Amino acid sequence: MQSIEAMTSPNSYGFSPKMQLISRFETDFSTSKEERSFNIALASSNFCWLVVKSGECLSFNTVVGLRSEERGYKNAKVIVNGDYTEGIGGGVCQVSTTLYNAWIRAGLAPKHVVSHSLPSSYCGLSQDATVTEYIDMVLLNDSQYDVIVNGYVENKRVIFDIYGHPLPYQIKLRSEIIEVLQPPEDIVEWSDVLEGEIASDEIGEYVVSKKSHVGYKSRAIIEYYSNGKLISNKELRKDSYLPVQGKIIRKRVDTEPAPLIEE
């Protein structure tokens, strides 16, 4: 892989005149905090007019490099073992997911892609691509021609454009739920003092410390269209997303009867 200077059209750099924009995918991060937004912009900047030759693989971790404080990345929300926590480089997975979706819609192949343990809010089920220091996303240019990848941020959206030879069809991805996975019963803890939004039921007062969520078994279907008509489809991948066990803090109450005091 190699980068070329910023440009408005790949044709002026000696590429085939047939080369054109064949895929664009974007995701929104307008609700993200400043640190997460910064990480998204920083990671995206590594994909400035990147050439991926025919038969070559694109490794996300090789292009982006280590996400560390020394390299400018900030603390933001990340998913670890099915739970949200703070970590260096939070938000970078939205960049890898956006690139993945643009790549697939350009008719190109995934070589190694791993889903998150929880569903992502910025894409459909089985359409995400997690990356960590130990998990890479690797994409294969299995076409006969070189392609160009351009990633950038604009108006709180991360965008990936793929340039290549025009396709004889249009590609869409569709998510399909295979099974809904119910979470286990909420964990219940007792406390003398409740902090947060207090609710009550027949047992007493409580606070929802962590909301429960269902999990999913899902798959992604890739569909090929010509002149607006579906001509074929196939299963692209299957994934499982963990259900989330909730946690409730209940107020401890004294259920013992008051002692009798004799005069």
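Analyst: The following account treats the salt bridges, then one serine, a set of paired strands and the cysteines.

The model is predicted: local features need pLDDT of at least 70, side-chain atom pairs count only at pLDDT 80 or more, and totals for chains, interfaces and linings use all residues. Residues are numbered from 1 along each chain as its sequence is written, and side-chain values use heavy atoms, with hydrogens and water left out.

The structure contains 14 salt bridges, a salt bridge being a side-chain nitrogen of Lys or Arg within 4 Å of a carboxyl oxygen of Asp or Glu. One of them pairs Arg157 with Glu26, whose closest N and O atoms are 2.5 Å apart. Arg157 belongs to strand β10 (residues 157-164) and Glu26 to strand β2 (residues 20-28), so this pair ties together parts that are 131 residues apart in sequence. Strands, like helices, are DSSP runs numbered from the N terminus (E, at least two residues, for strands; H or I, at least four, for helices). Arg157 is partly exposed, at a relative accessible area of 27%, and Glu26 is partly exposed as well, at 32%. In these terms, buried means under 20% relative accessible area, exposed means over 50%, and partly exposed lies in between (1.4 Å probe, protein chains only).

A salt bridge also joins Glu179 and Lys217, at 3.9 Å from N to O. Here Glu179 sits in strand β11 (residues 170-181) and Lys217 in strand β15 (residues 215-226), and the pair links parts of the chain 38 residues apart. Both residues are partly exposed: Glu179 has 38% relative accessibility, and Lys217 has 36%.

Strand β15 also holds Arg219, the partner of Glu235 in strand β16 (residues 229-241), 16 residues away. The closest N and O atoms of Glu235 and Arg219 are 2.9 Å apart. Glu235 is partly exposed, with a relative accessible area of 37%, as is Arg219, with 25%. Salt bridges with shared partners connect Arg174, Glu176, Arg219, Glu223 and Glu235 in one network.

Strand β2 also contains Ser23. Ser23 is buried, with a relative accessible area of 5%. Its side chain reaches the backbone oxygen of Ala102 at 2.7 Å. Leaving aside residues up to four places away in sequence, Ser23 touches Ala102, Arg105, Ala106, Phe160, Asp161 and Ile162, where contact means heavy atoms within 4.5 Å.

Another part of the structure is built from paired strands. Strands β13 (residues 198-200) and β14 (residues 205-210) run antiparallel and are joined by three bridges; two strands pair if DSSP finds at least two bridges between them. Within this pairing, Ile198 has Val207 in β14 as its bridge partner. Four residues lie between the strands of this hairpin, in which Gly204 takes a positive phi near 150°. On β14 there is also an antiparallel pairing with strand β17 (residues 247-251), over four bridges. There, Tyr206 stands opposite Arg250 in β17.

Finally, the cysteines may be considered. A search of the whole structure finds zero disulfides, a disulfide being a pair of cysteine sulfur atoms within 2.5 Å. Cys48 is partly exposed, with a relative accessible area of 31%, whereas Cys123 counts as buried, at 15%.

Technical notes
Polar contact = N/O pair within 3.5 Å; in protein donor to acceptor, adjacent residues only side chain to side chain.
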